[in-house]
Structures are given as structure tokens and as C-alpha cells.
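Let's walk through this two-chain model in questions and answers. Have the sequence and coordinates open as you read.

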Amino acid sequence: MSGRAQPLIIGAGPAGIRAAEALVEAGLRPLVVDEAPACGGQIYRQRLVPDERSSVALYGSEAPKAERLHRDFAALAGKLDYWPQALLWNLRDGKADIAVGGASRQVAYDGLVLATGATDRVLPIPGWTLPGVFTLGGAQIALKAQGCAIGSRVVFVGSGPLLYLVAWQYMKAGVSVAAVLDTAPFSAKFNLLRGLALEPAVILRGMRMTAELRLKGVALRYGVRDVRIEGEERVGGIAWREDIREMHLACDGVGYGLALRPETQLADLAGCRFRFDARDRAWLPECDAAGRTSVPGVYLAGDGAGIAGADAAELAGERAGLALRQDRGLPHAPERAAAIERSLARIGRFRDVLELAFPFPAHWARDMADETLVCRCEEISAGEIRRAAAHFGTGEINRLKAVSRIGMGRCQGRICGSAAAELLAAETGRSVDAVGRLRSQAPIKPIPLTMALAQPQAEAAE
Amino acid sequence: MPLLHRIARRDHEAIAFTLDGHACQGRAGDTVLTAILAQAEKLRFSEFSASPRAGFCQMGACQDCWVVLESGERLRACSTALGAGMRIATKGRAA
């Protein structure tokens with residue numbers, strides 16, 4: 001391998017770890033870069049220090065998978081390079097700019113696996129910036145990684161499997177869960193029966209959790225709309241509508257999310273071609289069943305390529321690793337690769353079922369009140385976006401960004417981007433794919449200015 | 001009334017820090033976000049409307065939890081471990 005740079009893997013979650021394992025197996029020595037202090041990704045995130053809770057208390061039925069993943073990654077020590085607490089903030093000229101240990105280092109790579117994962121997908125609702133409102137993922141991290149509840153009486157609202165999982169985890173931890181408010185009608189849940197044949201264990205686990213929530217007296221409400229979070233300085237309650245009924249509950253913490261969205265900024269900076277995915281109502285980087293993108297040597301694995309969950313991420317990580325091996329002329333286990341692709345296809349069909357059971361309420365954007373804040377960073381309201389779109393006569397999302405600053409704040413549109421696209425589409429009477437795709441910019445997350453301006457220190461890898 | 005309620009790690013080693021000049025204690029294993037919100041109900045005021053904020057995603061994506069130290073250093077509270085002696089300011093508007 002002399003003369004060739006190291007393969008670079010971004011993300012040390014289920015996908016990144018399995019990709020690393022596949023590369024090490026073939027004698028390659030990848031560099032694994034991850035923002036977290038310890039491996040596991042979001043789903044199998046580790047605590048900063050151990051505490052009195054067992055692995056089962058933390059990860060539930062997935063504890064064996066979490067433990068195996070952490071253990072397997074630890075076993076790779078010495079056979080790869082691992083930079084935790086490191087942010088890949090730019091990709092240019094075949095090199096990666098990585099902020100680590102207070103400095104920016106530039107690394108040449110040969111082969112890039114992007115296992116960047118996902119974050120919660122949300123649409124703005126009144127009161128969503130109040131202290132005490134967290135994403136479902138955020139509420140889960142508070143509980144699992146930090147051992148804290150986001151309130152003493154908590155309501156979970158939104159859609160997606162995480163809605164019920166997080167509510168159940170809070171209930172199990174002894175926190176008072178006032179209600180689970182599902183944006184989908186109850187009838188949508190019958191779709192889950194179709195998932196029984198594909199992923200019976202997942203469906204049965206979900207049914208058990210729902211039954212346990214109900215047994216504990218947690219109110220489960222379906223088809224909620226016009227959700228508003230109330231309070232002056234912090235969350236004091238939540239209001240919503242069901243049919244024609246106006247509903248209200250007092251609470252001091254809210255977990256909110258509408259399923260997940262992939263982190264695709266690095267695929268964009270790597271030059272990957274994107275396609276619009278009608279099911280997810282999002283632009284996703286193109287890739288084949290093995291994870292190969294439109295850019296030779298750049299691979300995608302896990303939720304960053306499209307939401308499919310942790311089990312799929314492990315499989316996709318391994319598959320991408322095998323693809324990289326094949327493209328380098330190394331042994332690549334074709335039978336194993338084919339078996340993985342079959343499993344991933346089955347999980348993909350399961351995802352279609354989940355999407356029907358937990359549909360994204362895109363119409364919320366159309367109905368959004370003008371005063372609702374869309375961009376948390378720059379505090380831009382729905383009305384300001386609508387006015388900017390009308391005034392400048394734009395129906396294109398990057399133009400809208402230029403004239404309204406939406407998507408220009410510190411989060412780079414991670415939180416508001418899909419809402420802005422839905423708003424613009426509704427406002428201009430077009431489909432959401434017709435308004436275009438918000439382009440990613442480096443640095444993909446805030447870094448000190450001195451780091452971005454400093455002359456990069458080129459490093460010879462390996 | 002603090003925003004977060006501890007249900008684990010209550011007896012871990014105490015870590016002293018100050019919040020707007022007041023002496024506070026976090027616990028070993030706390031992020032800055034946890035340490036502050038286990039004492040207080042906000043992390044900062046927003047730049048434009050000065051409305052209280054307390055983070056959102058807790059996974060380093062939303063950038064809503066940047067806080068300032070008295071030294072002027074800025075840090076993302078959800079992804080920074082609490083350090084002994086940190087002097088954190090939440091009253092300023094420049095987060």
C-alpha cells in the first residue's frame with residue numbers, strides 16, 4: 001500500500017465502525033474521524049463517565065448490539081487511526097480539513113466513506129424555541145447519555161418510531177409522561193401490520209411499548225394538529241387540535257420531532273450528485289446498493305444516505321467497506337456483499353411501511369402562521385420568508401436564502417431547511433422538489449475563524 | 001426551578017464552576033449544557049429578540065446552545081464536557 005493515502009471514514013457510529021472493520025480485515029488502515037468523544041454514534045452513544053445504570057437500562061433491547069459494536073471498535077485499536085472529537089469541516093482538492101485538538105489539519109485520503117448519520121427532522125411550531133423544548137433525539141440524549149429528564153411532566157409530540165421509543169424510555173426511567181401526541185391519525189398505524197412480515201421483532205417491540213405506555217396511563221392521542229407550545233420564559237403547556245376539539249395539557253418539558261433527516265453536507269462538498277426522494281421529501285446523495293456515489297472513491301453508509309435505522313447502518317457500513325475493497329482490487333467477499341444487499345432491500349421495504357404509519361405533515365408549512373419563527377439562528381419568521389419570496393419573485397431556495405437569510409445561520413439550514421423549502425413550495429404553488437436544493441457551504445459547522453483562515457498544514461497520511 | 005432533572009449520577013464527584021458569578025456545582029460526566037440547565041432555566045438570550053434559549057438538539061447540529069465564558073471564549077454547551085473552574089456567563093447577549 002505504499003504510496004497510497006489512507007481511506008478516510010467519517011463517523012464512528014454503526015455504519016462507520018462496520019466500514020472500518022471491513023477495511024481493516026483487508027489489511028487497510030483507515031483514519032476514522034468522529035465528532036463525539038467516544039464511538040457509537042447517536043443511537044449507541046456512550047456516557048462521558050460510567051454511572052449506576054446498566055447497559056440494558058440505557059440501550060434496552062438493543063444493549064447487546066450496542067455492547068458488541070463498542071467492543072468490536074475497541075478491538076480495532078492499533079489497526080486504524082481514530083480521531084475522536086474531530087470535525088471534518090471541508091473537503092477540497094481531494095483533501096479533508098479536520099478541526100481537531102484546537103487546530104485544523106489537512107489530510108489527503110484515498111477512498112472516503114461518509115457515515116454521517118442523521119438528526120431530527122422538524123417543522124417550526126409556535127413556541128418551539130422556548131427553553132424546555134428539545135428534539136426527540138435531544139430528549140433521548142439528555143436521558144441516556146446525561147442521566148437527566150427534560151422536565152418533571154413531559155409531553156412527546158410529532159411522528160416517527162422515535163416518538164414512542166423516547167416516551168417509553170422516559171416512562172421506564174420513572175419520569176412522568178403526560179402524553180404522546182402523534183401527528184398521524186390512528187388509522188395510519190394499521191400500516192404497521194404490513195411490516196410484521198418484514199421486521200416482526202421491531203413491530204412487536206413497538207406494539208409492546210405502546211401497550212406499556214397505555215397501561216401506565218400515558219395519554220396517546222392521534223391526528224393532532226395546530227400544535228402550539230405555551231409559556232413565557234419556558235415551557236408551561238402544550239395546546240393542539242383534534243378534529244374540532246381544542247385540547248390543552250400542562251407540562252414543563254416537550255420532546256418534538258417528525259422522524260429523522262440525513263446529514264448530507266459532506267456528500268455535497270465531496271461533489272456527489274443528489275436526487276430528490278419523493279418518499280422522504282428530501283434531496284439525497286445518489287448511491288448504488290453498495291454505497292458508491294457518483295464520485296469515484298466516495299461511498300455512503302448509514303442514515304446519512306437515507307434513513308434506514310441502526311441495523312441497516314451496520315450492514316451498509318460493511319457493504320461500503322467491501323465496495324471500497326473491490327474498487328481497490330482487494331478481496332471483497334461477493335457472497336457476503338450480495339447477502340447484505342438483500343437484507344438492506346428488505347429493510348428498505350420496511351421503511352416504506354414506516355413512512356405510511358408515520359407520515360410527514362408537510363402541509364403544516366402551508367398552514368404556518370406568519371409570526372411563527374422558522375429560523376432559530378437568525379430569528380426569521382414564516383411571514384418574512386413569504387414576503388421575501390413574493391418581493392423578490394423567487395421560487396428557488398438558494399435565491400431565497402440570499403434574500404431572506406434563511407438557512408444562512410449557524411446551523412446552515414439543518415433545522416429550518418426542509419421547512420423553508422416546504423414554505424416556498426406552498427407559497428409559489430410548486431412541488432417541493434421544484435424549489436431546488438439548499439447548497440452546503442464549508443465550514444459545515446462553526447469553527448474558530450483563525451482555523452478557517454490558517455494555511456492548512458498538509459500531512460502525509462500513513 | 002432548573003430545566004433538567006437529574007435521575008442518575010447524583011453522587012458523582014462534584015465539579016465547581018460559576019454561573020453569572022454564582023458558585024455552582026456540576027457532576028463528573030456533565031456536559032456544560034447539563035451543568036447549567038440542572039441549575040437554571042436557560043443557557044443564553046437569542047441575538048435578535050433576546051428571547052431565552054436552552055438548546056434544542058443536544059447533538060451538535062442546531063448550534064442553539066453556544067455559551068460564553070467570562071474570558072470571552074465561546075463553546076457549544078451540548079458537546080463540551082464541564083471543566084472545573086469554568087466561569088460561564090448566560091446573561092450576555094453575545095453567545
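## Hairpins, sheet, helices, interfaces

Q: In the hairpin that β5(A) and β6(A) form, which residue in the turn has a positive phi?
A: Strands here are DSSP runs of E with at least two residues, helices are runs of H or I with at least four, and both are numbered from the N terminus. β5(A) and β6(A) have two residues between them. The one in the turn with a positive phi, about 55°, is A:Gly101.

Before going on, note that this is a predicted model, where local features need pLDDT of at least 70, side-chain atom pairs count only at pLDDT 80 or more, and totals for chains, interfaces and linings use all residues. Residues are numbered from 1 along each chain as its sequence is written, while chains are lettered from A and ligands numbered from 1 in the order in which they are written.

Q: How many bridges join β5(A) to β6 (residues 103–108) of chain A?
A: Strands count as paired if DSSP finds at least two bridges between them. These two run antiparallel, and A:Val100 stands opposite A:Ala103 in β6(A). The number of bridges is six.

Q: Which residue takes a positive phi in the hairpin of β4(A) and β5(A)?
A: β4 (residues 86–92) and β5 (residues 95–100) of chain A run antiparallel, joined by six bridges. The hairpin has two residues between the strands, and the one with phi near 50° is A:Asp93.

Q: Which strands stand at the edges of the five-stranded open sheet of chain A?
A: The sheet is parallel, in the order β9-β17-β11-β12-β13, and its twist averages 20° from one strand to the next. β9(A) pairs with β17 (residues 253–258) of chain A over three bridges, with A:Val133 opposite A:Val254. Each edge strand has a single partner, so one side of each is left without a neighbour in the sheet: they are β9 (133–135) and β13 (219–221).

Q: Which class has eight residues in the contact of α5(A) with α6(A)?
A: Two residues are in contact if their C-beta atoms, placed from the backbone, lie within 7 Å. Those making this contact include A:Trp168 and A:Met171 of α5(A) and A:Met209 and A:Leu213 of α6(A). Ala, Val, Leu, Ile, Met, Phe, Trp, Tyr, Cys and Pro count as nonpolar, Asp, Glu, Lys and Arg as charged, and the others, Gly among them, as polar. Two residues are polar and one is charged, while the class with eight is nonpolar.

Q: Which residue of β1(B) is the bridge partner of A:Cys148?
A: In the contact between the chains, 32 residues of chain B meet 37 residues of chain A. β1 (5–6) and β5 (52–53) of chain B each supply at least two residues of chain B's side. β10 (residues 148–149) of chain A pairs with β1(B) in the antiparallel sense over two bridges, and the partner of A:Cys148 is B:Arg6.

Definitions and conventions. Axes are lines fitted to C-alpha atoms, for helices over the stretch in contact, and angles run from 0 to 180 degrees between N-to-C directions.
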